[in-house]
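Please look over the sequence and the structure before reading on.

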Amino acid sequence: MSAQTYVAELFSLEGRVAVVTGGSSGIGRAITGALARAGASVVVVARREAELRSTVDELTAEGCRAAWVSADLSTSGGVRAGAEEAAAAFGEPDILVNCAGINLRPPMTELGEDVWDTTMAVNLKAPFLLGQRFGPGMAERGYGRIIHVTSQQAHRAFVSSGAYGVSKGGLESLTRSQAEAWSPHGVTVNSLVPGFVLTPLNAHLQSDPEKVASLAARTLIGRNGLADDFAGAAVFLAGRSSAYVTGQSLFVDGGFSAH
Ligand SMILES: NC(=O)c1ccc[n+]([C@@H]2O[C@H](COP(=O)([O-])OP(=O)(O)OC[C@H]3O[C@@H](n4cnc5c(N)ncnc54)[C@H](OP(=O)(O)O)[C@@H]3O)[C@@H](O)[C@H]2O)c1
């Protein structure tokens, strides 16, 4: 067997269908590209059409199969409509990546119910509803991969964790609950845990070079994360070679969490 065939047997996503929320920007866009280039047909779900279109155009120009759905995941109706549209593109998904997320960061004393509710809706309830929509079908078909993108703040408080940290802590618990429910039927559920990644999400923090340097210094590798750092881990967790990995949190953080 050639090395290429062996690697393809372990990691190819040929014939799989993936849905990636938040797949039009930052970490989600890198994951979308990785899954599509590894062979999956990928549906990208987010709100802004220009970003969705440019993500899909880049991939289709390379010969990948990709489609986009504009949906607002902050409402249950938006999630449900987006899920149906996403499934209509290439069929029911084998892989669901919940990467859409918001971090509004008000100080705790100013954290109101509106920020709390919106944060929970996008970061936690949408992944739950999408799991309810797609998880049982994956289990029935005997193969599924659900990947949530959480945060260091699921584990430790810093830079005004607030509602965001709580939502991501919940998402890691959801990872385990869904793994408990569906792993006996071939569906693995895991979380990717980023460190500080240079994306539009934290553009405000990035405007402070001292803060950026101090976050890089907290890693063992000595730099902050880049969206492409998630490509290999996502392909692994989406593919057949991760069949015995479930209910886990995989830190892709340059060692940020290791000390
Ligand atoms: N960057 C970091 O340092 C870091 C660290 C830890 C965890 N994370 C997590 O990683 C994930 C990706 O973050 P990122 O840094 O790549 O952020 P990003 O570049 O801001 O991307 C966020 C994505 O989520 C989508 N989104 C946001 N609100 C949405 C809504 N209501 N409905 C549908 N889509 C929505 C955005 O598209 P639209 O705005 O067009 O809807 C965009 O595609 C998030 O879950 C974040 O919490 C990031």
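Is glutamate 58 buried, partly exposed or exposed? Glutamate 58 is partly exposed, its relative accessible area being 37%; buried means under 20%, exposed over 50% and partly exposed in between, with a 1.4 Å probe and protein chains only.

## Basis

The model is predicted: local features need pLDDT of at least 70 and side-chain atom pairs pLDDT 80 or more, while totals for chains, interfaces and linings use all residues. Residues are numbered from 1 along each chain, and side-chain values use heavy atoms, leaving out hydrogens and water.

## Salt bridges

There are 8 salt bridges in the structure, each a side-chain nitrogen of Lys or Arg within 4 Å of a carboxyl oxygen of Asp or Glu. Glutamate 58 pairs with arginine 37 at 3.3 Å, N to O. Arginine 37 is in helix H2 and glutamate 58 in helix H3, 21 residues apart; helices are DSSP runs (H or I, at least four residues), numbered from the N terminus. Arginine 37 is partly exposed, at 46% relative accessibility.

Another salt bridge joins glutamate 84 and arginine 133, with the closest N and O atoms 2.6 Å apart. Because glutamate 84 lies in helix H4 and arginine 133 in helix H5, this pair ties together parts 49 residues apart in sequence.

## Ligand

Around the ligand are 30 residues, each with a heavy atom within 4 Å of it. Ser25, Arg47, Tyr164, Val197 and Thr199 come nearest. A polar side-chain atom of threonine 199 lies 2.4 Å from a ligand oxygen atom.

Definitions and conventions:
A polar contact is a pair of N or O atoms within 3.5 Å; within protein, one must be able to donate a hydrogen and the other to accept it, and residues adjacent in sequence count only if both atoms are side-chain atoms. Helices (H or I, at least four residues) and strands (E, at least two) are DSSP runs, numbered from the N terminus.
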